Amino acid sequence: MKLLTATNLTQGYRDNDFDFCVEGELVHLDPPCAKDRDDPDGPCGCGRSFGGLNSHLATTTVVIRDVAGFTAEDYVEAIRSSLDQQGYDSSQAVHEAATLYCLAQYWSAGTVLERRLDQIAARAVIGQPQ
Ligand SMILES: [Zn+2]
């Protein structure tokens with residue numbers, strides 16, 4: 001199953017890139033805060049970043065990884081437990097998993113993606129990462 005995962009590949013392509021996540025961890029999308037709501041290059045960074053489900057940190061770059069044996073139920077559980085750990089409402093985890101699943105299927109494995117508020121775009125295709 002194809003998944004959105006944190007990567008440091010293509011970091012530096014934009015001069016406001018950052019990656020505090022663990023390489024390969026699953027990510028999700030948080031709505032931007034008030035500071036960045038109208039500007040992906042805003043001072044906070046959340047309008048251009050993805051949130052790591054394990055580290056609870058953020059990255060501006062993710063790569064599509066095709067992970068054998070990973071199921072839709074695993075995706076829901078990963079999101080639910082991450083939200084629970086952070087003290088957030090996890091009641092919408094199944095919907096969030098469905099959104100991420102649909103996003104990931106749109107690109108081939110090895111595609112590096114970036115976020116510009118509500119837009120997710122491909123930066124590069126590097127082949128299936130390790
Ligand atoms: Zn923010």
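Guide: Start with helix α2, residues 93-105, which lies across β1, β5 and β7. The helix runs at about 95° to β1. Contact here means heavy atoms within 4.5 Å. Axes are lines fitted to C-alpha atoms, for helices over the stretch in contact, with angles from 0 to 180 degrees between N-to-C directions. Helices (H or I, at least four residues) and strands (E, at least two) are DSSP runs, numbered from the N terminus.

This is a predicted model: local features need pLDDT of at least 70, side-chain atom pairs count only at pLDDT 80 or more, and totals for chains, interfaces and linings use all residues. Residues are numbered from 1 along each chain as its sequence is written, and side-chain values use heavy atoms, leaving out hydrogens and water.

Now the sheet under discussion. Four strands make an open sheet in the order β1-β5-β6-β7, with antiparallel pairing. The edges are β1 (2-6) and β7 (119-125), each pairing on one side only. From one strand to the next, the twist averages 35°. Two strands pair if DSSP finds at least two bridges between them. Strand β5 (residues 62-66) and strand β6 (residues 111-116) pair in the antiparallel sense over two bridges. Here Val 62 stands opposite Leu 113 in β6.

Next, the charged side chains. A salt bridge puts a side-chain nitrogen of Lys or Arg within 4 Å of a carboxyl oxygen of Asp or Glu. The count by this rule is seven salt bridges.

Arg 14 sits in the loop between β1 and β2, and Glu 114 in strand β6, 100 residues apart. Glu 114 is buried, at 7% relative accessible area. Arg 14 is partly exposed, at 25%. (Buried is under 20%, exposed over 50%, partly exposed in between, with a 1.4 Å probe and protein chains only.)

Arg 65 meets Glu 23 at 3.3 Å, N to O. Glu 23 lies in the loop between β1 and β2 and Arg 65 in strand β5, so the pair ties together parts 42 residues apart in sequence. Arg 65 is buried at 9% relative accessibility. Glu 23 is partly exposed at 40%.

Helix α1 (residues 72-85) holds both Arg 80 and Glu 77, three residues apart, about one turn of the helix. Their side chains meet in a salt bridge at 2.7 Å, N to O. Arg 80 is partly exposed, with 31% relative accessible area; Glu 77 is partly exposed, with 39%. Elsewhere, salt bridges that share partners join Arg 14, Asp 17, Glu 114 and Arg 123 into one network.

Last stop: the zinc ion. Its protein donors are Cys 33 (SG), Cys 44 (SG) and Cys 46 (SG), at 2.1 to 2.2 Å. Donors are N, O and S atoms within 2.8 Å of the metal (3.2 Å for Na, K and Ca); water is not among the atoms, so sites may look incomplete. The sequence spacing is C-x10-C-x1-C. Cys 33 and Cys 46 are 13 residues apart, both in the loop between β2 (27-28) and β3 (50-52). Cys 33 is partly exposed at 29% relative accessibility, whereas Cys 46 is buried at 18%.
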